[in-house]
Amino acid sequence: MRWPRQVASAAALATVVAGPPVVLARTVGWPLPTRPTQEQLHQWISDPLTEETLIAGLVLLAWTLWALLASIALRATAARVVKTVRRLRRVPLPTPMQATATGMAGAAALWTPATTSTATIDAPTPTPTATDHQPSTNAQRTAAPGVDIPGGWLPADTAHQIAAASALVWLRRRRAYQPQPPGHPRDDSDLTALPPTVTAVQAATPPATRPTPAPTLALATGGIGLTGPGAADAARGVLLTTLLQTLRPTGHPTTAVVTTRADLHRLLGAHTPALQHLPGLTVTDTVDDAITTLTQTNNPSATSPTLLTHIPTDPTTGARLAIALTHTVGVLVGTWTHGATWHIEADGHTQPDISSDRTRLCVLTDTAARDLLTVLALTPATPPATAVPRQRPPTPTPPPASSPPKPLTLHVLGNPTLRADGTPVPIRRSAALQILVALAAHPDGRTTRELATTIWPGLAPHTVTRRLYTTLSDLRKDITTTGLPNPIEHTNDRYHLNQQHIDVDLWQLNAAIDHAATALTNHTHAYQTIIDHYTGDIAAHHTWPWLDPIREKTRRHVIDAHTALADHTPDLTTRLHQLQGALRVDPFNEHLHRQAADTLTALGKPQDAEALLARYHQRLAQVAPEESLPTRSQFGNAAPSLRAGGGSQHRLPPGTG
């Protein structure tokens, strides 16, 4: 209820306005006489600093301050009253038709029996007026499902497709990895994390098990002009949503978007040379070349490509463009005199000139568009700066067996669990569990900003700092209420796990990996130690985007240990056993399947080899229909080279990243 607050405000205002004069009048009164005589004036001029004049000056100052305060309060009150009166004047009254329709609907609802509540009565739709158009617009805005990201807005279907494409990037990286012996130089530059905008989309929309293709953007043929503050952002959104259609397994290359190099640079910036090779994107030198390409690729039996360009300044080119867009979709930034023009607001809402219906388009800044388009490229948009550093505790050697047990044990391999003397410690917040895993994966610690960006990607760190502090406080309570020490320390603005209070299985695995890389003798035991310490993926069944590079890095070390043992054994059965162990670690790696198939062939089991590759092909088709795998007959028999420690020279097209 608002009336108690209003009464309190009125009482405070009355106290401020009437209180000080009452107090001054009763205590000191008015210090000067009503009509000072000439003698009093001469006396004040000759001796102004008397006790009476000083008191009178202080009282005058008090009255002046009260008058100033009262004028401010009265002015604010008057402004509020005027605003209320103006708002009441703007309240729309129902038209006669609306009043009649409302009365009929109310009467029908009143006289309808309760047993017929499932029936519906179609009331007449009120005629849109200037007063009721804005509320309907707000309703349409709230009904549009989508995801807000730094630098734009994505429809829900587009966001799910981006999340699925991001998962496909890591699937292709896993599939294309070539195992190397532990300790040998290895190029892990493809493990660079995806751009921040992609990470934000992943966190907001986890990929579905079987993503459905994004619907085709419904735009009319003949060309549509885009104007307004969001015109360029909407053009980038059209580019992204249209190119997403190329992820569908069509069996042949298709052209989805035709644009010019100048248009691409105006929309995405000058540093976009690699994006010109995006699947489905055709880039020409001039608008005339784009029109020629558009007419040559226009196939009535297939989906025609979309032309994306700015309005040409040459009237002749504009007329030729209008003819070319007769049966083709065209999105042109600027006012299109040969067709419809939409006004795009900064948030993506559109207002076509020919209709009052409002929709919302995907809008992206140039940075956000470049980030999202990288997941569609067959090669990295920019070469990675550095490889992901190996995450390990400060002490690389395994701890001695006689070390005293620590009060807390954190298992992050497999299902992440915190235990105290073998008993699980309940963690109430999912973000708290994610913080524990993040600190375990970064033994050197994380700053406040790094933790906030890791746990809540896409949000400004300063907006989630309080949430981070609250999560850390609840985590400390979850642990210390059982009498255990707090394992998280804060030193020099870095949060890290205290190795005196907690033991982490990932640290032991990384110590074994470092030991195997530097071991001079007994390599077999060192490799087997890596395999024994690996009990599953880091935080299995959790789709935290920041984990992908670290998880894949660890997985590769274990695969290398398995393949190293397989290469060092002359027994084909033992070799097959090690390769099967590597396939359990990563069932999507192509090289491991080729080695296992060749080993089965060498053992005299070609049918099993064919079945192994068939299952692999089926597994890829279930997870990502876009991926294809040759059959066993296409692989050929590479068993001799594999037995010699080499590999088949057959290579599929490289995956994304």
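A cavity is a set of points, on a 1 Å grid over the protein atoms alone, where a 1.4 Å probe fits but cannot get out. Volume is the space filled by probe spheres set on the points.

This is a predicted model, where local features need pLDDT of at least 70, side-chain atom pairs count only at pLDDT 80 or more, and totals for chains, interfaces and linings use all residues. Residues are numbered from 1 along each chain as its sequence is written, and side-chain values use heavy atoms, leaving out hydrogens and water.

**Stop 1: a cavity.** Select Leu-219, Ile-224, Leu-226, Val-238, Val-331, Trp-342 and Leu-361, which line the second largest cavity. Lining residues have an atom within 4 Å of a point. The space inside is about 30 Å³.

**Stop 2: helix α18.** Select Arg-556 and Glu-552. They form a salt bridge, with the closest N and O atoms 3.1 Å apart. A salt bridge puts a side-chain nitrogen of Lys or Arg within 4 Å of a carboxyl oxygen of Asp or Glu. The two residues sit four apart in helix α18 (residues 547-567), so about one helical turn separates them. Helices are DSSP runs (H or I, at least four residues), numbered from the N terminus. Arg-556 is buried at 0% relative accessibility; Glu-552 is buried at 2%. Buried means under 20% relative accessible area, exposed over 50%, partly exposed in between (1.4 Å probe, protein chains only).

**Stop 3: Asp-474 and Arg-428.** Their side chains meet in a salt bridge (4.0 Å, N to O). Asp-474 is buried at 15%, but Arg-428 is exposed at 59%.

How values were computed. On a 1 Å grid over the protein atoms alone, a cavity is a set of points where a 1.4 Å probe fits but cannot get out, and a pocket is an open set with protein on both sides within 12 Å along at least five of seven lines; lining residues have an atom within 4 Å of a point.
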